[in-house]
Amino acid sequence: MLYCVAIENARLYQESITDGLTGLFHHKYFMARLKAEVDRARRYKIPLTLIMIDIDFFKKVNDTCGHPAGDKVLKEIADILKEKTRLGDIVARYVGEEFAVILPYISYKSALIVSERFRKVIEEKRFDEIKLTISAGLGFFDGTDASFDSEMMLELVDRALYKAKNNGRNRVEVLRHCEQ
């Protein structure tokens with residue numbers, strides 16, 4: 001009996017931290033993990049990357065194909081992100097059609113390769129008959145600035161994503177925070 005209660009509690013906990021549609025972590029859990037990961041990167045002076053991904057012109061999918069098709073696209077992109085990340089990475093549905101990926105302990109060059117892999121796989125995939133692209137902002141912290149915090153990381157990655165969208169979409173833009 002105790003075993004069944006423990007399993008049910010684990011199931012309920014998992015449901016409480018994940019997005020019902022995509023199965024990814026939800027925004028609130030993501031924010032808590034981002035803070036913890038930035039704190040750890042700062043404490044141990046290790047690199048940390050945050051990638052923010054936005055599906056280009058996603059509103060068009062919902063408007064022309066319907067919300068069920070849009071939901072299917074979100075699920076498929078979530079699956080791609082989970083498949084193309086390491087076990088210790090944190091993949092979340094940030095809001096709407098935006099996703100976030102926290103990559104701890106990864107070099108700047110490796111993080112850029114991961115981001116480009118996401119972009120390329122999604123660009124080459126057909127979602128039924130829908131062709132999509134993504135824009136990604138990559139924020140990199142080298143772990144050396146004792147004053148750096150999760151809000152600064154979010155601002156960094158938000159500016160990088162905005163830059164990707166303004167520079168034509170279907171691209172990755174990077175901003176790095178490193179002490180000189």
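What should the 17 residues of helix α5 (residues 108–124) span at 1.5 Å a residue, and how far apart are its end C-alpha atoms? The expected span, taken as 1.5 Å times one less than the number of residues, is 24 Å, and the end C-alpha atoms are 24 Å apart, which agrees. The model is predicted, so local features need pLDDT of at least 70 and side-chain atom pairs count only at pLDDT 80 or more, while totals for chains, interfaces and linings use all residues. Residues are numbered from 1 along each chain as its sequence is written, and side-chain values use heavy atoms, with hydrogens and water left out.

**Helix α5**
- Helices (H or I, at least four residues) and strands (E, at least two) are DSSP runs, numbered from the N terminus.
- A111, V114, S115, F118, R119 and I122 are the buried residues of α5, where buried means under 20% relative accessible area, exposed over 50% and partly exposed in between (1.4 Å probe, protein chains only).
- Seen down the axis of α5, these buried residues fall within an arc of 130°, so they line one face of the helix; the arc is that of the directions from the helix axis to the C-beta atoms.
- K109, I113 and E124 are exposed on the other side of α5.
- The buried residues of α5 pack against several elements, including β1, β3 and β6, with contact meaning heavy atoms within 4.5 Å.

**Strand β1**
- Because eight of the eight residues of β1 (residues 48–55) are buried, the strand is largely enclosed by the rest of the structure.
- L48, L50, M52 and D54 are buried on one side of β1, and T49, I51, I53 and I55 on the other.

**Pairing of β1**
- Strands pair if DSSP finds at least two bridges between them; β1 pairs with β3 (residues 98–104) in the antiparallel sense over seven bridges, and L50 stands opposite I102 in β3.
- β1 also pairs with β6 (residues 134–141) in the antiparallel sense, over eight bridges, and I51 stands opposite L138 in β6.
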